[in-house]
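Hi,

Here is the structure I said I would pass on. Have a look at it first, and then read on for what turned up.

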Amino acid sequence: MRTILILTGRDDLTADAVVEELGKRGENVVRYDTADFPSASRLAVSLTGDGWAGTLSASRKLDIQSVTSVWWRRPNEFVTPEEWPDHARAFAVSEARSGLLGVLGSLPVRWINHPANDAAANYKPRQLAMAARVGLDVPRTVITSDPDHARDFIGSERVIYKGLGGGILGPNGERRFLPVKLITADQIDDRVTGTAHLFQENVDKAFEVRLTVIGDHMFPVAIHAGSEAARLDWRNDYRSLTYRPIGLPQQVGTGVRRLMDELGLFFGALDFAVTPGGLWKFLEVNPNGQWHWIAVKAGIPMVEAMADALQGGTE
C-alpha cells in the first residue's frame, strides 16, 4: 500500500485539515514528528541497489519504500534525554538529523518541500537576488554592518528595517521575530556594526498580496489593512484585515514560476506590496509559510490542492 508521509508536530491545524481531506479520499497517511526520534521511535534501514529499505517505527510502523510523497510541514526538533550531558545530547541530535533526514531525504519521491531546498531558500539575501534576476520588482535594498552605508541609503527618507532570518528562540523555546520598523538616518549609530542588517525602501502600498503556490497552482489573495499597525506589517493586527481573491498579472506569474524553479520549491508563501499605481513589489517567499487561515478567510480550495499534490506521488 502506498503511503503519504507528513512530517509535522502534533498541534498543526493546517496538517489536520489536509490529513482529514486525504482520509476522505481513502489515502494511507502516516503523520510523524521528528521530536519522537530517537527517544520514542526506531529507525532500521539497510542500503540496497535501489536505495534505503526498512522501517521507521513509532506509534505506527512505516515501510519507507511504500512512501510516494512527503510533506515537510513543521516538524519539531529532535529530542534526547534531559539527563544526558550537553555534549552527548548535541552529538545525538546531530547524528539523528543526519541519519533520519538523510535516509528520508534520499527517497525519490515528491517533496513539499525537500528540507535542503527549504533551508537554502530561507536565506533572504539569496531569494531577493534570485527574485531580481528572474524579473520580479524588488524594492531597493541594502544589507550592511556599516553605519555610513546605512545612512547613505536612508538619506532623508524613512525606510523599512526587518530581520534577515527566522527570528530567535526565547528562553522557553518560543520563537521571537524582529518586528518590522520604520527607521530614519538619525537613528543609525555604531550599534549597526554588531551584525548584518537589512534596510529596504518603504513602498507606498495600496494593499498587500499573499500568493500561495502549490505546484502549478497559484492562489493570490489581497490583504487590506484596517489599522496603522497593519499597514506597516499586516502580521501586527490580524483582526483589522480583510481578504479577497485577486487576479495575478501575467508578468508576475511568470517571474514567480521562474523563482520557484530556481529555488527548487514546490510550495511557497510569497508576499507582495501593491502600489497605488498597480506595481507588484516582491517582499519575500517563505518556503514553509502558514496558509490554512487565508484559505478559510478567502474561501479558496488550498487544502484540496495540497491533497492533490500529495497524491501526485513519485516525481
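The largest nonpolar core has 31 residues, and Trp71, Ile214 and Met306 are the ones with the most contacts inside it. One thing to keep in mind as you read: this is a predicted model. Strand S1 (3-7), helix H1 (13-24), strand S15, helix H8 (292-298) and helix H9 (302-311) each give at least two residues to this core. H9 supplies the largest share of it, with seven residues. As a bit of background, nonpolar side chains in soluble globular proteins tend to be buried together.

Back to H9 for a moment. This helix is mostly covered, with seven of its 10 residues buried. Those buried residues are Met302, Val303, Ala305, Met306, Ala307, Ala309 and Leu310.

Now for the sheets. Five strands make an open sheet, in the order S16-S15-S14-S17-S18, with antiparallel pairing. Strand S16 (242-245) and strand S18 (280-286) are at the edges with a single partner strand each, so one side of each has no neighbour in the sheet. From one strand to the next, the twist averages 25°. Helix H7 (residues 250-263) packs on this sheet, where it touches strand S14 (207-214), S15, strand S17 (267-274) and S18. The direction of H7 makes about 140° with that of S17.

Here is how the strands of that sheet are joined:

- S15 (residues 217-224) pairs with S16 over four bridges, in the antiparallel sense, and Val221 stands opposite Pro245 in S16.
- S14 and S17 run antiparallel and are joined by eight bridges, with Val213 opposite Gly268 in S17.
- S17 and S18 also run antiparallel, joined by six bridges; the bridge partner of Ala273 in S18 is Lys281.

The hairpin of S17 and S18 has five residues between the strands, and Gly278 takes a positive phi near 90° there.

Is it buried or exposed? Eight of its eight residues are buried, so S17 is largely enclosed by the rest of the structure. Both of its faces are covered: one side has Phe267, Ala269, Asp271 and Ala273, the other has Gly268, Leu270, Phe272 and Val274, and all of these are buried.

There is another open sheet, this one of four strands in the order S2-S1-S6-S7, and its pairing is parallel. Strand S2 (29-32) and strand S7 (110-112) are the edge strands, each with a single partner, so one side of each is left without a neighbour in the sheet. The twist here averages 15° from one strand to the next. S1 and strand S6 (residues 67-72) run parallel and are joined by five bridges. Within that pairing, Ile6 has Trp71 in S6 as its bridge partner, and Trp71 is among the residues with the most contacts inside the largest core.

The largest cavity has a volume of about 30 Å³, and Trp71, Trp72, Ile112, Asn113, Asp118, Phe267, Pro287 and Asn288 line it.

The second largest pocket contains about 290 Å³ of space. Its lining consists of Tyr161, Leu178, Pro179, Lys181, Ile183, Gln187, Ile188, Asp189, Arg191, Val192, His197 and Phe199. Strand S12 (181-183) and strand S13 (197-200) each supply at least two residues of that lining.

One of the lining residues, Pro179, sits in the loop between strand S11 (175-176) and S12. Is Pro179 buried, exposed or partly exposed? Its relative accessibility is 45%, so Pro179 counts as partly exposed.

Happy browsing!

Definitions and conventions. Residues numbered from 1 in each chain as written. Predicted model: local features only at pLDDT ≥ 70, side-chain atom pairs only at ≥ 80, totals over all residues. Heavy atoms only, no water. Pairing = 2+ DSSP bridges. Axes fitted to C-alpha atoms, helices over the stretch in contact; angles between N-to-C directions. Contact = heavy atoms within 4.5 Å. Core = buried A, V, L, I, M, F, W, Y, C linked by side-chain atoms within 4.5 Å. Buried < 20%, exposed > 50% of the residue type's maximum accessible area, 1.4 Å probe, protein only. 1 Å grid on protein atoms, 1.4 Å probe; cavity = no way out; pocket = protein on both sides within 12 Å on 5 of 7 lines; lining within 4 Å. Points joined across faces, edges and corners; volume = space filled by probe spheres on them.
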